[in-house]
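Please read these points with the sequence and the structure open beside you.

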Amino acid sequence: LRTVSMDNRARANARLPPEVNRAIFVKKLPFKITAEELYDIFGKFGAIRQIRLGNRPETRGKAYVVYEDIYDAKNAADHLSGFNVGGRYIIVLYHSTKQIEKLKQQKLDLKAKREELEQLKKQHGVDASDPTVKKSKN
């Protein structure tokens with residue numbers, strides 16, 4: 001009982017880097033891994049709130065693991081990055097909303113550039129089907 005209270009006090013005083021998060025992102029997982037197997041691997045480091053395993057072609061081999069406690073997530077990330085799972089060395093990172101927002105912004109910028117390009121094509125009478133042919137304005 002005494003060691004538990006000392007451990008909690010040490011945790012309360014510990015400063016975590018700003019990128020540490022309860023949610024961790026795991027990639028390079030075997031495609032055939034199950035959520036139950038992930039619970040077995042990641043559950044050793046603490047109580048897990050949720051596991052989201054990618055099932056689409058672009059998300060296969062990736063997962064999000066959300067811990068109840070931020071210190072458990074840090075411990076898992078520290079110990080499991082580079083861990084061999086099913087013959088693959090997994091990469092464990094902290095989930096970052098900044099990275100997701102950056103990707104969303106890049107997609108919006110790309111969409112805006114495509115729209116601008118379409119406007120310029122219409123303005124200058126350019127047909128995308130044959131870039132060598134310029135249509136005359138009537």
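Predicted model: local features only at pLDDT ≥ 70, side-chain atom pairs only at ≥ 80, totals over all residues.

1. Residues are numbered from 1 along each chain as its sequence is written, and side-chain values use heavy atoms, with hydrogens and water left out.

2. A search of the whole structure finds 1 aromatic pair, where rings of Phe, Tyr and Trp (its six-membered ring) pair if their centres lie within 6.5 Å, and planes under 30 degrees apart count as stacked, over 60 as edge-to-face and the rest as tilted. The partners are Phe25 and Tyr64, in a tilted arrangement with 5.1 Å centre to centre and 45 degrees between the planes. Because Phe25 lies in strand S1 (residues 23-27) and Tyr64 in strand S3 (residues 63-67), the pair ties together parts that are 39 residues apart in sequence; strands (E, at least two residues) and helices (H or I, at least four) are DSSP runs, numbered from the N terminus.

3. Phe25 is buried at a relative accessible area of 18%, whereas Tyr64, at 30%, counts as partly exposed. Buried means under 20%, exposed over 50% and partly exposed in between (1.4 Å probe, protein chains only).

4. In helix H2 (residues 35-42), the buried residues are Leu38, Ile41 and Phe42. They cover an arc of only 80 degrees around the axis, and therefore lie on the same side of H2, the arc being that of the directions from the helix axis to the C-beta atoms. The face turned away from the buried side of H2 carries the exposed residues Glu36 and Asp40.
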